[in-house]
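Dear colleague,

I am passing on the structure shown below, followed by an account of what was found in it. Please read the account with the model open beside you.

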Amino acid sequence: MYPTAAKLVAALGFAALSWIASRQVSPNLPEFQSLGRAAEVTAVIGLVLGWRISGRHAGRGMAEAAGIGVTTALAIVFWSTLIWAGYEMLDRALAVRYDGPLEGLEDMVSLMLDYAAYTWPGLALPVLGLGSIVMGLLVEMVSRREHS
């Protein structure tokens, strides 16, 4: 739980990577829909998950580092879509668009799939995929340097 250079690099790197990847989603959004603060919120998610996942698992070797980077990226996509779908579901619930809580949760899953679909085509997934591998390797190199 203590701070390390690897955790700091992971947090800042995945925050930046998340921000860049989320900005790539913009061309895929439906007409009249904007990102709003999505890039900033996604960067905060990347910051937290970079520290908690990639930073925590640093020092296990270069082979695992790439996998840990990809795992961190998948977690960022999952939590980002969950948060945005939850936000949209609450907005719709306050507008009384659901007959009950189960209908709202079902719609939230549908919204998550819709939001995930906005990542393709375009550069969002390639940026996130390749960037997460590079970040995983970079975090591992920092961890090795830190312990040498």
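**Helix H4**

The buried residues of H4 are Gly104, Asp107, Met108, Leu111, Met112 and Tyr115, where buried means under 20% relative accessible area, exposed over 50%, and partly exposed in between, with a 1.4 Å probe and protein chains only. Seen down the helix axis, these buried residues of H4 fall within an arc of 155°, so they line one face of the helix; the arc is that of the directions from the axis to the C-beta atoms. On the other side of H4, Leu102, Glu106 and Leu113 are exposed. The 17 residues of H4 should span 24 Å at 1.5 Å a residue, and its end C-alpha atoms are 25 Å apart, which agrees; the expected span is 1.5 Å times one less than the number of residues. Helices (H or I, at least four residues) and strands (E, at least two) are DSSP runs, numbered from the N terminus.

This is a predicted model, in which local features need pLDDT of at least 70 and side-chain atom pairs count only at pLDDT 80 or more, while totals for chains, interfaces and linings use all residues. Residues are numbered from 1 along each chain as its sequence is written, and side-chain values use heavy atoms, with hydrogens and water left out.

**Pocket and cavity**

On a 1 Å grid over the protein atoms alone, a cavity is a set of points where a 1.4 Å probe fits but cannot get out, and a pocket is an open set with protein on both sides within 12 Å along at least five of seven lines; lining residues have an atom within 4 Å of a point. A volume is the space filled by probe spheres set on the points, which are joined across faces, edges and corners.

The largest pocket holds about 530 Å³ of space, and of the 26 residues that line this pocket, the closest to its centre are Val25, Leu35, Ala38, Trp84 and Tyr115. H3 provides the largest share of that lining, seven residues.

By this rule there is one cavity of 30 Å³ or more, and the largest cavity has a volume of about 40 Å³. Its lining is made up of Ser54, His57, Ala58, Gly59, Ala65, Ile68, Gly136, Val139 and Glu140, with H5 giving the most, three residues.

**Before H1**

Thr4 is placed in the segment before H1, and at 18% relative accessibility Thr4 counts as buried.

With best wishes
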